[in-house]
Amino acid sequence: MNHLLRNGLAGAMLMATCAGFAMPAQAGTTIDGIRQRGETACGVSTGIGGFSIADSSGQWTGLTTDFCRAVSTAILGDAAKEKFVPLSPQQRFTALQSGEVDMLTTVATWTLTRDASLGLLYAGVYFYDGQGFLVPKSLDLKSALDLDGASICTATGTTSELNMADYFRANGKTFTPVVFESQQEARAAFFSGRCQAFSADMSYLSSVRASDAPNPDDWQILPEMISKEPLGPVVGRNDLDFFTVAKWTLMALVEAEERGVTSANVDEMKDSKDPGIQRLLGSSGDMGEKLGLDAAWAYRVIKRVGNYGEIFDRNVGPGTPLRMERNANALWTHGGLMYALPIR
């Protein structure tokens with residue numbers, strides 16, 4: 001090999017190393033900012049019972065707000081605090097892009113367009129949902145196809161408009177969309193009689209029926225689910241460290257349920273002989289170190305919010321006003337889609 005060729009190869013290797021092939025990526029700043037403030041800022045949907053709703057004292061409850069608490073606890077430990085920022089569908093992505101919030105824990109559907117064009121990343125799915133229709137029982141409807149020619153209330157800035165157009169066109173039916181700027185306006189118009197049906201995600205319809213209907217038993221959600229609406233946390237694409245923590249916090253919640261680790265038994269489970277439980281709870285291995293966290297990160301998360309099943313049952317399950325069954329949100333071992341990636 002001649003001198004020039006050797007120098008050329010050496011130069012190419014040096015350039016490749018400097019370009020990032022052998023050098024670690026620059027760490028993101030989101031986690032540093034959270035630690036400096038001592039608080040995690042999460043954008044949340046406004047007034048959706050079971051998912052994100054504030055009570056009269058300003059305390060937020062719900063499945064998505066519990067996920068914010070989980071990530072905050074993983075990063076900040078027992079002193080974790082959260083700031084919940086209510087955002088409309090039109091505001092939510094801009095708020096994350098501008099840095100107003102660290103993460104979106106909303107009911108925002110994961111789609112190709114959002115994934116590819118907003119400069120953001122979905123860190124997983126914490127609720128598998130689908131769009132449906134809420135109608136008065138007095139209409140005596142059996143199917144969404146019975147809505148042929150009906151007026152249907154929905155909100156702009158969501159995936160609902162396109163889903164309805166696709167569904168009715170594909171089935172040779174027609175409808176009249178009655179579109180409002182917010183879900184609150186759409187549901188108020190529906191209950192005042194402006195339209196014959198209200199269309200949104202099934203989770204939202206369950207919340208609306210439970211909390212806003214004059215008498216919940218006078219209203220029904222039709223059986224058809226006309227779309228796939230995977231809902232998950234969203235973070236900035238420029239910070240892979242925070243993305244990784246959010247993703248594996250979700251995995252830890254699901255794995256805890258898979259392995260029977262709950263908020264009630266997590267202390268005794270720390271003494272388990274099961275290697276998988278030991279890694280999950282930090283009794284062995286270096287899982288926390290790999291994430292830039294301490295060994296007990298997942299233990300603290302489970303201790304505070306419970307496993308995924310506990311979060312589901314507490315906020316939206318059959319024993320709550322929403323009366324939702326697990327269905328697709330059941331563990332994969334029980335016919336659902338919830339499946340934790342290996343923590344090892």
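Guide: A crossing is left-handed if the near helix is turned anticlockwise from the far one by less than a right angle, and right-handed if clockwise. H3 passes H9 in a right-handed crossing. The model is predicted: local features need pLDDT of at least 70, side-chain atom pairs count only at pLDDT 80 or more, and totals for chains, interfaces and linings use all residues. Residues are numbered from 1 along each chain as its sequence is written, and side-chain values use heavy atoms, without hydrogens and water.

Visitor: Why is H3 called roughly perpendicular to H9?

Guide: Helix H3 (residues 63–76) and helix H9 (residues 240–258) pack at an angle of about 115 degrees, their axes being 10 Å apart. Angles of 65 to 115 degrees count as roughly perpendicular, under 35 as roughly parallel, over 145 as roughly antiparallel and the rest as oblique. H3 is therefore roughly perpendicular to H9.

Visitor: Which residues in H3 meet H9?

Guide: Phe 67, Ala 70, Val 71, Ala 74 and Ile 75 of H3 meet residues of H9 including Phe 242, Val 245 and Leu 253, contact meaning heavy atoms within 4.5 Å.

Visitor: What makes the aromatic pair of Phe 133 and Tyr 167 tilted?

Guide: The structure holds 16 aromatic pairs. Phe 133 and Tyr 167 stand 6.4 Å centre to centre, with 45 degrees between the planes. Rings pair if their centres lie within 6.5 Å; planes under 30 degrees apart count as stacked, over 60 as edge-to-face and the rest as tilted. The pair of Phe 133 and Tyr 167 is accordingly tilted.

Notes
Axes fitted to C-alpha atoms, helices over the stretch in contact; angles between N-to-C directions. Helix = DSSP H or I, 4+ residues; strand = E, 2+ residues; numbered from the N terminus. Phe/Tyr/Trp six-rings, centres within 6.5 Å; stacked < 30°, edge-to-face > 60°.
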